[in-house]
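Work through these exercises with the model open. Try each task before you read its solution.

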Amino acid sequence: MRASEFLAGAAALLASGVSAEAYLGFNSGNTLADRSAKFKKDWVQEFTTAQNLKNAPGTFNAVRLYTNIQAYSQISEPIEAFEAAIETDTKILLGVWASGTDTIEPEIKALQTAIKKHGKKLTDLIIGASIGSEDLYRVSATGIKNKSGVGAGPSEIVKFIGDWKKAFQGTALANVPIGHVDTWDVWVNGTNKPVIDAVDWVGVDEYPYYENDKGNNIENSGYLFDRAFDAVQGVVGSKPVWVTETGWPYIGQTWDKAEATVKNAQYFWQEVGCRKLFGKVPTFWYNLRDSNPDNTMKFAITENLSTTPRFDLTCPATFKTTPKASSSGASATSGAASGTGVSSPSSAETSSAGGSGSDAEESGSGSGSGTGSESSTATVPAESSVATGSATSVKGVSAAAVAGMTLLVGVFAML
């Protein structure tokens with residue numbers, strides 16, 4: 001084989017093995033806490049605050065959305081977050097609402113309309129697209145038990161992924177990585193493997209706060225997170241794992257052994273965010289501000305979008321969650337596969353808090369129905385957590401990437 005052929009193969013392997021830039025961001029839906037629609041000025045305020053947080057361990061200049069459609073629009077008007085992102089240079093993880101509908105055409109139409117208007121200014125900011133959010137969880141045994149709302153099965157999600165690819169084939173978005181977001185226990189359930197096979201990356205929502213009967217006190221939160229994260233990595237192969245929701249409430253009910261306090265929210269930020277995620281994994285924290293009036297648990301790290309957070313965001317030099325301790329103890333395997341694992345606030349809260357949490361708030365998933373989607377589609381995200389994150393310069397390298405680099409070195413030696 002010629003050296004040029006070796007180089008081509010090595011380059012392909014290297015490209016497939018390098019995970020996405022370690023974006024930093026928050027989640028953001030299309031409504032405010034009073035259920036009114038969010039407009040450009042609201043997102044500009046959110047994105048500006050996120051990029052200027054005092055003592056933040058990086059620049060939060062990315063946002064995870066739950067829909068492309070402006071709240072309460074009946075004609076698939078593009079969400080005004082797009083214009084705010086352009087103005088503030090905020091990277092966008094697109095969200096496509098996929099539950100309670102047999103088509104994502106309105107979502108596609110809204111994005112196409114926005115691209116026609118803004119062109120490269122918009123497409124250059126798009127870092128990925130999530131087809132669905134916690135849809136698989138909501139049709140799982142646990143999701144049904146928790147009355148988490150209408151979901152979608154793996155065959156539906158795979159179909160929507162195909163529809164999305166077909167719609168943007170040959171366009172500026174043709175190579176934008178496509179993923180799906182769900183709770184960690186969904187990913188380790190073998191029935192959902194077709195979705196893993198269909199995506200470029202896997203989005204994980206993981207809240208140790210809601211891990212009942214697993215010792216979910218704050219001191220154990222880092223270990224619970226690691227076990228769930230590692231369990232997902234163990235089943236997705238070389239697919240990059242993005243953490244699309246995680247956080248700890250600063251106020252709310254005690255959930256088994258988990259207490260909602262500002263001190264605990266800071267501990268979780270340090271032991272999970274600083275130790276495990278920031279600068280290493282694409283991360284969208286939950287959340288910059290609270291927007292779901294039905295959720296008694298509040299997660300916002302700021303008050304009224306102040307750039308001075310409610311706790312110090314500085315990352316410590318050392319951590320209390322050790323790799324040795326993290327690898328011991330209960331593992332996330334069979335229990336997760338059967339749907340007993342953690343879910344996002346939206347899903348978990350519905351069974352007792354009567355409200356929706358992260359996903360529901362942001363996008364209408366979880367329990368209550370959202371608002372803002374076109375009448376012919378599923379109820380779309382009524383959520384409005386803010387989201388703007390940043391991309392750090394750190395990039396993760398997988399085993400495949402290392403292999404690719406090794407191969408390249410060998411090839412160059414031949415030249």
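H2 and H3 are oblique to each other, and the first exercise shows why. The model is a predicted one.

**Exercise 1. Find how helix H2 and helix H3 cross, and which residues make the contact.**

Step 1. Locate the helices. H2 covers residues 40–51 and H3 covers residues 81–88.

Step 2. Take the axes. They come within 8 Å and cross at roughly 40°.

Step 3. Classify the angle. Roughly parallel needs an angle under 35 degrees, and roughly perpendicular runs from 65 to 115. The H2 and H3 pair is therefore oblique.

Step 4. Assign the hand. H2 passes H3 in a right-handed crossing.

Step 5. List the contact. H2 supplies Lys40, Trp43, Val44, Phe47, Thr48 and Gln51. H3 supplies Ala81, Glu83, Ala84, Ala85, Glu87 and Thr88.

Step 6. Sort by class. The contact of H2 with H3 holds 6 nonpolar, 3 polar and 3 charged residues.

**Exercise 2. Describe the crossing of H3 and H4.**

Step 1. Take the axes. Those of H3 and H4 come within 11 Å and cross at roughly 40°.

Step 2. Assign the hand. The crossing of H3 past H4 is right-handed.

Step 3. List the contact. Phe82, Glu83 and Ile86 come from H3. Leu111, Ala114, Lys117 and His118 come from H4.

Step 4. Sort by class. The contact of H3 with H4 has 4 nonpolar, 1 polar and 2 charged residues.

**Exercise 3. Decide how H4 is oriented to H8.**

Step 1. Locate the helices. H4 spans residues 105–118 and H8 spans residues 154–167.

Step 2. Take the axes. They come within 11 Å, and the crossing angle is roughly 25°.

Step 3. Classify the angle. The cut-off for roughly parallel is under 35 degrees. So H4 is roughly parallel to H8.

Step 4. Assign the hand. H4 passes H8 in a right-handed crossing.

Step 5. List the contact. Ile108, Leu111 and Gln112 in H4 meet Asp163, Trp164 and Ala167 in H8. By class, this contact has 4 nonpolar, 1 polar and 1 charged residues.

Step 6. Look back at H4. Leu111 is in the contact with H8. Leu111 is also in the contact with H3.

**Exercise 4. Describe the second largest cavity and its lining.**

Step 1. Count the cavities. There are 2 cavities of 30 Å³ or more.

Step 2. Take the volume. The second largest cavity holds about 30 Å³ of space.

Step 3. Name the lining. It consists of Arg64, Leu65, Tyr66, Gly95, Val96, Trp97, Ser130, Gly132 and Ser133.

Step 4. Assign elements. Strand S2 (62–65), strand S3 (91–96) and strand S4 (126–133) each give two or more residues to this lining. S4 gives the largest share, 3 residues.

Step 5. Sort by class. The lining of the second largest cavity divides into 4 nonpolar, 4 polar and 1 charged.

**Exercise 5. Inspect the backbone at asparagine 287 and at aspartate 213.**

Step 1. Check the peptide bond. From tyrosine 286 to asparagine 287 the bond is cis, with omega near 10°.

Step 2. Asparagine 287 sits in the loop between strand S8 (283–285) and helix H13 (323–327).

Step 3. Check phi. Aspartate 213 has a positive phi of about 60°, although it is not a glycine.

Step 4. Aspartate 213 lies in the loop between strand S6 (201–205) and helix H11 (221–236).

Methods: Residues numbered from 1 in each chain as written. Predicted model: local features only at pLDDT ≥ 70, side-chain atom pairs only at ≥ 80, totals over all residues. Heavy atoms only, no water. 1 Å grid on protein atoms, 1.4 Å probe; cavity = no way out; pocket = protein on both sides within 12 Å on 5 of 7 lines; lining within 4 Å. Points joined across faces, edges and corners; volume = space filled by probe spheres on them. Helix = DSSP H or I, 4+ residues; strand = E, 2+ residues; numbered from the N terminus. Nonpolar A, V, L, I, M, F, W, Y, C, P; charged D, E, K, R; others polar. Axes fitted to C-alpha atoms, helices over the stretch in contact; angles between N-to-C directions. Parallel < 35°, antiparallel > 145°, perpendicular 65-115°, else oblique. Left-handed = near helix turned anticlockwise from the far one by under 90°. Contact = heavy atoms within 4.5 Å.
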